[in-house]
Every structure is written in structure tokens, then in C-alpha cells.
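Welcome! Here is a short briefing to read alongside the sequence and the 3D view. Please have a look at both before going on.

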Amino acid sequence: MSNHSSHDEGRPLLAVEGVSVRFGGIVALDQLSFDVEPGHICSLIGPNGAGKSTLFNCLSRIYECGGGSITFDGQPISTLPRHRMAVTGIGRTFQNLALFKSMSVLDNVLVGCHSRHQVGFLQATLRLPGAARIEAAAQERARALIDFLDLAAIAGRPVADLPFGTQKRVELARALAARPKLLLLDEPACGLNHEEVGKLGELICNIRDHLGITVLLVEHQMNLVMGISDKVVVLNFGRKIADGTPAEVRRHPEVIQAYLGGERAAA
């Protein structure tokens with residue numbers, strides 16, 4: 001179930017260069033630049049309103065950049081139609097779960113499989129040639145992911161019946177079903193208890209290590225961020241104030257001031 005691709009060595013998977021976004025008089029992102037290397041877990045942190053969600057919406061083509069460029073796997077994403085983002089190789093989860101609550105776990109994951117092959121859904125609906133083969137491959141992929149995320153025992157249950165933390169794993173399975181090269185995780189620890197956050201950290205590392213997927217994480221849970229990230233990018237008022245390893249960022253005076261309110265981070 002590996003996801004390794006023919007990515008060019010030495011080139012970042014994601015390059016954000018001088019990206020600016022304004023909403024009226026508000027500057028949401030101000031000349032933001034950073035890279036995400038293939039195979040890395042990169043976290044984006046900063047206070048509420050720092051511009052983290054704005055960047056995710058630019059990466060998903062929900063917003064257009066007012067200036068600068070975003071390059072994914074060597075291709076400017078501005079040239080890609082919005083509805084092709086799943087095929088491009090960028091998967092995403094949301095702060096507010098975007099699941100089909102009345103559908104089963106398996107059917108939710110199958111939606112993700114079909115997003116990779118829009119034609120697959122149409123073929124299946126119209127019973128076109130090749131539909132059975134596409135459906136069998138989707139079923140196999142979905143069940144492998146359900147096993148990987150420890151959801152097999154509840155695969156047939158409606159998502160609405162499941163605890164919040166489990167629903168988050170279902171959303172993760174659906175995002176992975178489209179075989180992304182880059183997975184955008186939007187505050188995945190929100191609403192989870194301490195034990196669930198610990199398991200989430202292990203799961204994100206497994207996604208990177210076993211599926212070969214690069215991860216860009218927006219998160220307020222600092223223990224999670226500092227525990228699993230290869231790189232941390234810190235935003236404040238739409239501007240990058242630091243980036244580097246967790247240890248480097250933790251020591252950065254501007255980060256301590258802006259993000260920790262002057263309190264020194266625990267080592």
C-alpha cells in the first residue's frame with residue numbers, strides 16, 4: 001500500500017514562495033515562503049488568525065493567492081483546476097468533520113477512493129465496461145486502509161454512531177484513499193483527549209513511514225507538534241517569524257514572545 005512516487009531528488013515537494021492574500025484591508029498572508037521536503041512532517045503553528053487556515057485554503061484552491069506562487073511536485077498549483085486537486089496528489093482533512101454521517105465507515109472511505117477516479121463513479125453508476133474492476137480495486141484499497149487505521153471492527157457501522165475521535169480516523173482514511181503525496185491535516189488533535197493525541201502522533205508517523213506520504217500539519221497541540229515534526233513553521237499576523245527544527249523554533253525569541261506570550265517553552 002506504499003505511496004512512494006517518482007519525485008525528483010533534491011526538489012521540495014511543496015514550495016510556497018512569497019504568497020500574499022488580502023481580504024479587503026486585512027492582510028491574511030504576507031509574503032509567506034517555506035518548503036516542505038518529501039517524506040517530512042512539517043507543522044504550521046501560530047496564534048488564531050495567524051493565517052494557517054488561509055494557507056490551507058490556498059493549497060486546496062479554495063482561495064487564490066493575491067501574490068507569490070505555490071509549486072507542488074514541480075507544478076504551479078494555480079494551473080490546476082480545483083476539482084482535480086485529489087488527482088493531483090493533495091489530500092486534506094478539515095477542522096470540522098466533513099463526513100457523510102448516515103453512511104457506513106466503508107462507504108465513506110470508498111468515496112475517497114472514487115475521488116481519485118472521477119470516471120470510476122460514473123462508470124459504476126452507468127454500469128460501463130471496467131466498472132467492476134475499478135470497484136474491486138476501490139474495495140481492496142478501502143479495506144486495506146480500514147485495517148491500517150484499526151477500523152475493521154466497525155467498517156459497516158454508520159459514522160454518526162461513532163465517537164468523535166473514531167470519526168476523525170474515518171476522515172483520515174477517506175483522505176488517504178485518494179493516494180495523496182501530500183496530506184494536509186487541519187487541527188487533527190482538536191477535541192481529542194490526551195491518550196488519543198498520543199495515538200494520533202503515532203498514526204501520523206506511521207502514515208509517513210509506511211505509506212510514504214508527506215504531511216503538512218496545522219495544530220495548536222504543542223506536544224504533538226514538537227514530538228513528531230521534522231520542521232516547524234511559525235506564523236504571526238500572516239507573516240513567517242521562524243522556521244526550523246522543533247528545537248530551533250522553541251528557542252527563537254520572537255516565537256517565545258508571540259506564541260508563548262513571553263513564557264519560555266518547556267525544554
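Two residues are in contact when heavy atoms of theirs lie within 4.5 Å. With that in mind, Ser-104 touches Ala-155, Gly-156, Arg-157, Pro-158 and Val-159, leaving aside residues up to four places away in sequence.

This is a predicted model, in which local features need pLDDT of at least 70 and side-chain atom pairs count only at pLDDT 80 or more, while totals for chains, interfaces and linings use all residues. Residues are numbered from 1 along each chain as its sequence is written, and side-chain values use heavy atoms, with hydrogens and water left out.

**The protein as a whole**

- The secondary structure comes to 10 helices and 10 strands; these are DSSP runs (helices are H or I with at least four residues, strands are E with at least two), numbered from the N terminus.
- Of the 267 residues in the protein, 49% are buried. Buried means under 20% relative accessible area, exposed means over 50%, and partly exposed is in between, with a 1.4 Å probe and protein chains only.
- Among contacts with a separation of 6 or more, 68% are between residues 24 or more positions apart.
- The protein exposes about 12,700 Å², and carbon and sulfur atoms supply 52% of that area. Accessible areas come from the Shrake-Rupley method with a 1.4 Å probe, and for residues only the protein chains shown count as cover.

**Helix α6**

- Helix α6 covers residues 164-177, and its end C-alpha atoms are 20 Å apart, which agrees with the 20 Å that its 14 residues should span at 1.5 Å a residue. The expected span is 1.5 Å times one less than the number of residues.
- Why is α6 described as largely enclosed by the rest of the structure? Because 12 of its 14 residues are buried.
- The buried residues of α6 include Gly-165, Val-170, Leu-172 and Leu-176, and also Lys-168, Glu-171 and Arg-174.
- After α6 comes Arg-179, whose phi is positive, near 55 degrees.

**Salt bridges**

- How many salt bridges does the structure hold? There are 10, each being a side-chain nitrogen of Lys or Arg within 4 Å of a carboxyl oxygen of Asp or Glu.
- Glu-195 and Lys-199 form a salt bridge through their side chains, at 3.5 Å from N to O. They are 4 residues apart in helix α7 (residues 194-211), so about one helical turn separates them.
- Glu-195 is exposed, at 53% relative accessible area, and Lys-199 is exposed too, at 52%.
- A salt bridge also joins the side chains of Arg-208 and Asp-209, at 2.5 Å from N to O. Here Arg-208 is buried, with a relative accessible area of 17%, whereas Asp-209 is partly exposed, at 46%.
- In the salt bridge of Lys-240 with Asp-243, the closest N and O atoms are 3.2 Å apart. Lys-240 is partly exposed at 31% relative accessible area, and Asp-243 is partly exposed at 32%.
- Arg-11, Asp-73 and Lys-181 are linked in a network of salt bridges.

**An aromatic pair**

- The whole structure has 1 aromatic pair. Its rings are Phe-23 and Tyr-63, with centres 5.2 Å apart and planes at 70 degrees, so the pair is edge-to-face.
- Rings of Phe, Tyr and Trp (its six-membered ring) pair if their centres lie within 6.5 Å; planes under 30 degrees apart count as stacked, over 60 as edge-to-face and the rest as tilted.
- Phe-23 lies in strand β1 (residues 14-23) and Tyr-63 in the loop between α1 (52-59) and β4 (67-72), so the pair ties together parts that are 40 residues apart in sequence.
- Phe-23 is partly exposed, at 37% relative accessibility, and Tyr-63 is partly exposed, at 29%.

**Residues in loops**

- Ser-104 sits in the loop between β6 (90-92) and α3 (105-116) and is buried, with a relative accessible area of 12%.
- Arg-61 belongs to the loop between α1 and β4. Its phi is positive, about 65 degrees, although it is not a glycine, and Arg-61 is buried at 8% relative accessible area.
- Phe-237 is in the loop between β9 (231-236) and β10 (239-244). Phe-237 is a residue other than glycine with a positive phi, near 50 degrees, and it counts as exposed at 67% relative accessibility.
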